[in-house]
Amino acid sequence: MRALVLNGPNEPFSLATIPDPEPRRGEAVARVISCGAGLTIQHVKAGRAGVEYPRIIGHEITGVIEAVGQGVTDLSVGDAVTTYFYLTCGRCRWCQINRETLCENFGGYVGRVCDGGYAELINLPTQNYIKLPESLDWQENAAEVGVITDAIATPVKVIRHAGIKPGETVAVFGAGGGLGIHMVMLSKWAHAEVIAVDTATEKFSACRDAGADHCVNPNKEGCPELLKELSSGGVDVAIDFVSSTQTLETSIESLGRGGRMVTLGGSGESFAAHSHQMLQKELVLMGSRYATRQEVIDSLKLCGRGEVWPMVTETTDMEGAEALHGRLEQGLITGRAAIMINGPKDT
Ligand SMILES: [Zn+2]
């Protein structure tokens, strides 16, 4: 098969022909139609997330099952699928209650500890495949369908986790990013009033298109004062995709009574919160990580019903992947991009 192989940190893709993967017991091989390209995997390509080389990155796939290993009964050749990003044990108490992002035996990420979707074929444990609902026309919309698994599912989880209700005010920090803009979209879908916060003002028009009622550049305008003004005293939910000390503290300071702060950035930076304010306003500070399998399934169905739809602004083929990742690194992609691997007719 042809694959985009990374041979070291911050090296260009090597478009190589390598042996086809063979599914072992409990595994299945899918033919990849498309694979989403976002900052999460660009971090790996740029060497900011450690992996063993050679490695094939990518996890937001649309694919079709091509072969199944021994003992596989829940998938058949020809099934249209997408993938779940986390390798989890399926047995611990968190997996048992459908909170597998907290898995005690977390096995890592598809496209980091095992090869991912930037190849004509992908081999994964069967529990990492999710069958596509018939309501999704994956043959016409392969690029969009593949990115639902992360770009839509991650914000869907935040909506639930933070309990965002109709009429509430939501501020999204890092709103111009690939996930941020989908968070704006999903918050609007949840009937919130949405404030997009970003220093990349060239993304504001896309943020408005995604549903932002207000766009705020924190370098130019006083945050959190402006956020408090726009929300009549403080936002109900502040969602931080940047996760710097500054954005985390601004997020908390911008909260009103009963406010919730959600961080997804995972920078590892610390922040200070005023305990008396937390008490007086009954604030909730929380982290939210990716999505559960069920939230991915629910997101696929939401898109299948036309409730929301992911924003894919660029697609290219395997030869174009290097240039596309260069644009990702420079922050020039709006929403998501995708690599088209095999045409649906080839399957
Ligand atoms: Zn587990």
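A residue is called buried here when its relative accessible area is under 20% and exposed when it is over 50%, with partly exposed in between (1.4 Å probe, protein chains only). Cys-92 is buried by this rule, with a relative accessible area of 8%, and Cys-103 is buried with a relative accessible area of 8%.

The structure is a predicted model, in which local features need pLDDT of at least 70 and side-chain atom pairs count only at pLDDT 80 or more, while totals for chains, interfaces and linings use all residues. Residues are numbered from 1 along each chain as its sequence is written, and side-chain values use heavy atoms, with hydrogens and water left out.

Cys-92 and Cys-103 belong to the zinc site. The protein donors of the zinc ion are the SG atoms of Cys-89, Cys-92, Cys-95 and Cys-103, at 2.3 to 2.4 Å from the ion. Donors are N, O and S atoms within 2.8 Å of the metal (3.2 Å for Na, K and Ca); water is not among the atoms, so sites may look incomplete. Along the chain the donor residues follow the spacing C-x2-C-x2-C-x7-C. Cys-92 lies in the loop between strand E5 (80-83) and helix H2 (93-96), and Cys-103 in the loop between H2 and strand E6 (121-125), so the pair ties together parts that are 11 residues apart in sequence. Helices (H or I, at least four residues) and strands (E, at least two) are DSSP runs, numbered from the N terminus.

The four donor atoms of the zinc ion make angles of 103 to 116° with one another, and the site is tetrahedral. Four donors count as tetrahedral if all angles lie between 85 and 135 degrees. Ideal angles at a metal are 109.5 degrees for four tetrahedral donors.

Asn-98 is also found in the loop between H2 and E6. Its phi is near 60°, a positive value in a residue other than glycine. Ser-232 has a positive phi too, of about 55°, although it is not a glycine. Ser-232 is found in the loop between H6 and E11, and at 74% relative accessibility it counts as exposed.

Two cis peptide bonds also lie in the chain. One joins Tyr-53 and Pro-54, with omega about -5°, and Pro-54 lies in the loop between helix H1 (39-45) and strand E4 (61-68). Another joins Cys-223 and Pro-224, with omega about 5°; Pro-224 lies in the loop between strand E10 (214-216) and helix H6 (225-230).

The next topic is helix packing. Two packed helices are described by the angle between their axes and the distance between the axes. Helix H3 (residues 142-161) and helix H9 (residues 293-304) pack at an angle of about 110°, their axes being 8 Å apart. That makes H3 roughly perpendicular to H9, a term for angles of 65 to 115 degrees. Axes are lines fitted to C-alpha atoms, for helices over the stretch in contact, and angles run from 0 to 180 degrees between N-to-C directions. Among the residues that make the contact are Ile-148, Ile-152, Ala-153 and Val-156 of H3 and Glu-295, Val-296, Ser-299 and Leu-300 of H9. Contact means heavy atoms within 4.5 Å.

Ala-153, in helix H3, is buried with a relative accessible area of 0%. Leaving aside neighbours within four places in sequence, Ala-153 is in contact with Ile-148, Ala-291, Glu-295, Val-296 and Ser-299. The C-alpha atoms of Ala-153 and His-182 are separated by 9.5 Å, with the residues 29 apart along the chain.

Ser-187 lies in helix H4 (residues 178-189) and is buried, with a relative accessible area of 0%. Not counting residues up to four places away in sequence, Ser-187 touches Ile-159, Val-170, Ala-192 and Val-194.

In helix H7 (residues 245-253), the residues Thr-247, Leu-248, Thr-250, Ser-251 and Ile-252 are buried. The buried residues of H7 pack against strands E8 (169-173), E11 (235-240), E12 (255-263) and E13 (284-287). Gly-259 lies in strand E12 and counts as buried at 0% relative accessibility. Gly-259 and Val-237 are 22 residues apart in sequence and 5.6 Å apart in space, C-alpha to C-alpha. Apart from its neighbours within four places in sequence, Gly-259 is in contact with Val-235, Asp-236, Lys-281, Glu-282, Leu-283 and Val-284.

How values were computed:
Four donors count as tetrahedral if all angles lie between 85 and 135 degrees; four count as square planar and six as octahedral if opposite donors are over 155 degrees apart and all others between 65 and 115; anything else is irregular. Angles under 35 degrees count as roughly parallel, over 145 as roughly antiparallel, 65 to 115 as roughly perpendicular and the rest as oblique.
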